[in-house]
Each structure stands twice: as structure tokens, then as C-alpha cells.
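Dear colleague,

Please find the structure below, handed over for your review. My findings follow directly after it.

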Amino acid sequence: MAVKKSLRHIMNLYAISAKMDLAWLLRDTKYALAAVLSDTISNLSVISGVYLIALRFGGIGGMSVDEVLFMMAYSTITTGIFILFGSGNNLHISRIIGRGQLEHLFMQPLSLKMQLATSGFVPFTGSGNLIMGCVILAVAIHRLHLEISLWWVTLFIIYVLTTMVIIVARSYLVSSAAFYAPVAAEEISTAAIEGTWQLSTFPLSGMPDFIQIPLLTILPEGLMAWFPSLCLLGRPPLHLTEAYPLAYALLLALTTNFVFRKGLNDYVRKGSNRYVPYGFRR
Amino acid sequence: MYPTDFAVSMNHVTKVFSQWQRDNTKAGMIRNLLKPEKRRITALDDVSFTIRKGEFAAYAGPNGAGKSTTMKLLSGMLLPDSGDISVLSLSPQKQRIQLMRRLGILFGNRTELWWDHPVIQSFEWKKVVWEIPDEIYRRNLATVIDLLDLGNLLQTFARELSLGQRMRADLGMMLLHSPGIILLDEPTLGLDVVAKRQMINFLKKINKDNDVTILVTSHDMDDLEEMAERILMISSGKIAFDGSFTELRAKTGNLTRIVVTMEKGCFPELEGGNLLSYGNEVFEYDMDLTEMPVRNLLGQLSTVRGVRDVEIKKAPIEQVIAGLYRDWNFDKTAGSGNI
């Protein structure tokens with residue numbers, strides 16, 4: 001009963017976010033459409049650059065043009081999901097922490113997790129990339145003549161979720177710095193998420209190990225699209241197991257959980273001596 | 001278990017902050033790099049007080065006295081270093097979610113409204129987040145629209161509201177879930193006379209009619225005196241006074257303002273009076289009636305030539321408080337051995 005009530009509350013929270021997003025779209029339609037369009041163009045330009053290179057040279061490092069297209073679809077879908085759920089700085093959490101705005105979240109009768117998971121949902125203005133990613137995926141699947149089974153779809157969903165966990169966990173991990181240095185680290189999540197975004201869309205096949213391995217360990221850029229795409233195409237790179245992204249995501253999530261909680265405890269003990277009155281609401 | 005008789009109970013609460021210190025010299029910067037210097041600030045020092053259910057209490061003190069820290073501790077935004085806190089028999093630190101369903105908090109310099117949406121959208125958002133039942137929401141919405149005159153503001157975007165309108169909208173939003181206790185930190189900050197009056201009347205009404213406990217901080221002591229029955233004053237992290245405004249005035253002597261209007265060319269000389277201002281034949285004095293009984297004062301005035309009118313009134317509470325702050329500051333300086 002309690003679980004049902006809780007689920008209903010979560011759905012209501014998503015619904016009110018969606019309603020507000022729609023209201024914003026309908027009130028400021030011109031600006032909203034311009035924002036959606038520029039967002040989509042910006043993300044498409046990143047992937048189309050890589051795709052055009054693959055087209056010009058007949059593939060990249062052992063990946064065919066269509067496999068590169070598949071990888072671009074995967075990347076666009078994860079970007080799309082990020083935008084769909086990440087408006088309102090809930091995924092750029094260092095902004096909220098650095099600006100001393102966590103107190104606005106403490107005022108709500110919700111756990112921080114629930115607030116952060118539901119407050120940035122923008123299905124009307126933020127689903128452009130996801131839709132486009134799905135279209136590109138359909139084209140890539142068609143051209144690759146992939147046989148789609150239920151198991152493959154399940155695997156695809158698991159990999160996408162894993163990538164999302166890595167993106168969010170890394171953002172929250174570096175954002176924990178804002179608990180201790182609010183001014184210096186206010187925009188650190190932007191650097192963590194967007195600073196290396198272009199690198200994460202580049203196929204690493206054919207690169208030497210000293211480039212591939214750090215990008216699968218120290219920085220997870222290789223896990224954002226390249227590694228899971230090859231797993232879904234049936235040939236995981238570097239003789240690693242297909243479960244490697246899951247293990248990485250789990251380890252990163254646990255580390256983030258520990259570090260973020262430590263920072264949060266520090267925040268409620270010491271408070272924030274900084275407050276910026278904008279940006280905690282969309 | 002936490003006490004159930006009180007809306008608020010703070011028991012031996014201490015809160016210490018640290019502040020970075022650095023001078024701007026080259027040596028200072030290098031020293032800071034090797035060994036950063038921090039200063040300990042005791043925001044609350046073993047503070048204990050209780051507030052009864054349905055009470056309207058003011059919480060005052062000079063800048064940096066610990067008022068906002070207290071508000072944040074009571075609402076679970078900060079953890080105390082030591083001591084126990086209970087609000088509506090709940091621990092703000094351990095039962096924050098339950099407490100927030102029953103507590104309303106408003107910081108005068110912050111807004112909870114959605115900036116790029118009309119006010120009513122923020123209200124609807126609150127209904128969902130707080131899970132306010134339809135009937136209660138409708139009833140409370142009608143009440144706040146009526147009492148705070150929000151009818152014309154509901155469709156307006158929050159970013160286009162004036163400060164006074166925004167505060168009214170924020171106050172209305174805060175009350176939608178029928179909180180049992182309200183914490184207000186500088187709610188009248190920056191408001192004009194009309195907006196301030198509207199807010200004060202509203203707070204007094206919901207305190208009286210709905211038995212809502214209110215704890216309010218403000219720099220405007222006259223506002224506090226008009227709103228609250230009781231005043232807690234904090235200085236240097238300690239409760240320096242806890243009682244009624246009448247008791248507070250008595251503590252500083254019976255400070256009184258004497259306004260004497262004279263005929264042209266006449267000048268009153270009042271023994272025991274401190275001339276504050278004069279102009280257009282009106283002379284305003286400050287006087288302690290415990291030193292100079294009113295009988296003696298009237299006797300004096302009867303002998304002064306050219307008196308056209310006399311007005312005796314209580315000194316503004318601001319003046320009383322300023323005197324107290326000066327005394328506390330003096331005690332602190334004397335205590336630290338710097339004098």
C-alpha cells in the first residue's frame with residue numbers, strides 16, 4: 001500500500017513537471033522551440049561530424065559506417081535521456097550546492113533523491129534528441145540487418161541505463177567538490193558532463209591501448225557509447241567482458257554515494273555562506 | 001521522546017561555525033596556502049527556550065547574533081553541534097520530511113515561487129509536492145486569495161511581481177498546506193508601509209483564528225512589537241532576554257519621549273531630559289520616567305513659560321533595543337579584556 005502510494009506520488013511529481021514544461025512551451029512557444037531546435041542541432045552536429053568522417057573514410061578503426069551510425073544513435077539516445085530528465089540543474093547539482101540552494105530542497109517534504117529524480121523532467125521541450133536518437137537507431141538497425149530479439153532490447157535498455165548511471169554518478173562525484181569550495185566548483189558538473197562530451201562520441205576502435213584503456217577506466221568516455229555499442233553489436237572490445245560497463249557503473253555509483261553523502265553531511269554541519277537567488281527553479 | 005506541550009523546544013543547543021581568515025599581503029597569501037587560518041564563530045552558545053503552541057513570538061538580535069542559524073536549525077537545514085531540538089514533537093534533523101508537511105518557512109530574501117511561471121502554477125506545484133488534499137487546497141487557496149489580496153496576482157509570472165507582491169504570493173504559498181507552525185526570517189524586509197501592514201494583519205489573523213504558532217525575526221522592532229506577544233532576544237549566541245515587550249521596556253528603564261510645542265521664541269529646559277531634536281517650535285526629549293516621575297515632569301513643565309502643547313509617549317522600541325545592543329556590546333568587549 002505504502003509502495004503504491006509512493007509510486008503514485010512519484011508519477012504525480014513527473015506529471016506536474018510535464019505540465020509545467022508544456023505550459024512553458026505553450027506560453028513562450030517561440031523561445032521554447034528555438035531552444036529545442038538549437039539543442040538538437042548542437043547535439044546532431046557533434047555526431048554528424050564523426051559520422052561524416054566515417055563516411056569519407058569508409059568507417060573508423062575497424063568499425064563500418066553503419067556501426068558508427070549505430071554508435072551515434074546510442075549516444076544521441078543517452079544525451080536525449082539526460083536532457084529529458086536533467087532540466088533544472090538536478091543533474092548539474094554542483095550549481096545548486098555551490099549557490100547555497102540545497103536549503104530550498106530541504107524545505108520540501110520529499111527525500112532529496114525523489115526531488116532530484118523528478119524535478120528536471122521536461123518531456124515536451126526536452127525529448128527532441130531522444131526521438132531523433134530513436135530514428136537514427138532504427139535506420140542503423142535496418143542497415144546493419146540486426147536481428148532484434150527481446151533479449152537484445154533488454155540488453156539495450158540495460159546498457160543505456162548503465163550509461164546514464166555513469167553520467168549522473170560522475171556528475172555527482174565531481175559536484176561533491178562544491179560542498180567544500182562552492183564558488184570554485186559551482187560549474188564543475190558542466191565541465192564533467194559537457195567538457196568531454198565530444199570525446200565520448202568518438203569511436204575508439206583502432207586506437208592504441210594507452211588511449212583506449214584510460215578512456216575506459218580513469219575517464220569513462222569510452223563507456224558512454226563506444227563500448228556498449230560494440231557489446232550490442234556482439235563484439236566487446238579489448239577482450240573485456242560485456243558486463244564491464246555494469247561493474248564500472250556500480251563501482252562509480254558506490255564511490256559517488258559515499259563521497260556525496262560525506263559532502264552533504266559537511267554541508268548540514270557547516271552550512272553554506274553563499275546564496276545565489278536564481279537557478280534552483282526552471 | 002520529544003516534548004509534546006511545546007511547538008518548539010531548544011535544549012542546550014550550540015552551533016559553531018568557522019570562518020576563513022586571510023590578509024591581502026603577499027606573506028598572508030603564502031601563509032594561507034601553507035596553513036589556512038580559520039576563526040571560530042559561536043552562532044549559538046548553549047541556547048535553551050521553548051515556544052508554546054499557538055504562541056506568536058519574536059526573535060530579535062543584532063546582525064550576526066544567530067537568528068537565521070536558529071531558523072535553519074529549527075527547519076532541519078543545519079545540524080546542531082550539541083543539544084536537542086524539537087519542533088511539533090519532531091526532530092528537524094531526523095524527521096525532516098514529516099516535519100516539512102507541518103511546518104511553513106519563509107526567508108524574506110528568498111522565494112519559493114517558480115520564476116518563469118504564473119503564481120498559480122507554483123501553488124499547483126506545491127499541492128502535488130506536499131500532497132495537499134483537494135478540499136484543503138481549495139479552502140486554503142480561497143483564504144489566502146481573500147486575506148492577502150492575491151486575486152490579481154495569480155495569473156502573473158513571478159518574475160514580474162514587485163517585492164511586496166512576491167512576498168504576499170510567497171506567504172500565500174507557504175500556507176497552502178495548513179502548517180501548524182510558521183518560521184519567518186525577515187518577512188518584512190524591503191516592504192513598503194502598505195505591504196508591511198497587510199502582512200502583519202494577515203499573520204496576526206492566522207495566529208489568532210487558526211492557532212498557528214509563529215516565530216518571526218525582523219530588524220524592524222516596531223513591527224515585531226505590533227505582531228508578537230513575546231520577544232526572545234539573542235546576542236552573541238546567547239538568549240539575552242525572554243519576556244514581553246513591556247518587560248523589555250522596563251529592563252531599560254521607562255524610556256519615554258516628551259514632545260513639547262512652544263510659543264515662538266520660547267525654549268523649554270527640562271531637567272533629566274535629553275534633547276533629541278527641535279524645529280518649528282517643537283522640541284523632542286528623551287527621558288527615563290523611573291528617574292523622573294511623571295508628577296515631577298508635569299510640575300517642571302507647569303513652570304516653563306510659553307508651553308502650548310505637551311505629548312508624552314513611549315519611546316520607539318528601536319531606541320530601547322539600540323540601548324540594549326550597546327550595553328551587550330559593551331559587556332562583551334569588557335568581558336574580552338579589550339577595555
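In this predicted model, helix α3(A) passes helix α7(A) in a left-handed crossing. The two helices of chain A, α3 (residues 65-85) and α7 (residues 128-144), pack at an angle of about 160 degrees, and their axes lie 7 Å apart. Since angles over 145 degrees count as roughly antiparallel, α3(A) and α7(A) are therefore roughly antiparallel to each other. Sorted by class, the residues in the contact of α3(A) with α7(A) comprise 16 nonpolar, five polar and three charged ones.

Turning to the interface between the chains, 22 residues of chain A are in contact with 25 residues of chain B. On the side of chain A that touches chain B, at least two residues each are supplied by α1 (2-27), α5 (102-106) and α13 (244-270) of chain A. The element that gives the most to this side is α1(A), with seven residues. The side of chain A that touches chain B has, by class, 11 nonpolar residues, together with six polar and five charged ones.

As regards chain B itself, the chain contains 11 helices and 13 strands. Taken along the principal axes, the box filled by the C-alpha atoms of chain B is roughly 70 × 60 × 45 Å. Chain B has 339 residues, of which 38% count as buried. Where contacts in chain B link residues at least 6 apart in sequence, 70% of these contacts join residues at least 24 apart.

With kind regards

Technical notes: Residues are numbered from 1 along each chain as its sequence is written. Chains are lettered from A and ligands numbered from 1 in the order in which they are written. This is a predicted model: local features need pLDDT of at least 70, side-chain atom pairs count only at pLDDT 80 or more; totals for chains, interfaces and linings use all residues. Two residues are in contact if their C-beta atoms, placed from the backbone, lie within 7 Å. Helices (H or I, at least four residues) and strands (E, at least two) are DSSP runs, numbered from the N terminus. Ala, Val, Leu, Ile, Met, Phe, Trp, Tyr, Cys and Pro count as nonpolar, Asp, Glu, Lys and Arg as charged, and the others, Gly among them, as polar. Axes are lines fitted to C-alpha atoms, for helices over the stretch in contact, and angles run from 0 to 180 degrees between N-to-C directions. Angles under 35 degrees count as roughly parallel, over 145 as roughly antiparallel, 65 to 115 as roughly perpendicular and the rest as oblique. A crossing is left-handed if the near helix is turned anticlockwise from the far one by less than a right angle, and right-handed if clockwise. A residue is buried if 20 or more other C-beta atoms lie within 10 Å of its own, exposed if 12 or fewer, and partly exposed in between; C-beta atoms are placed from the backbone.
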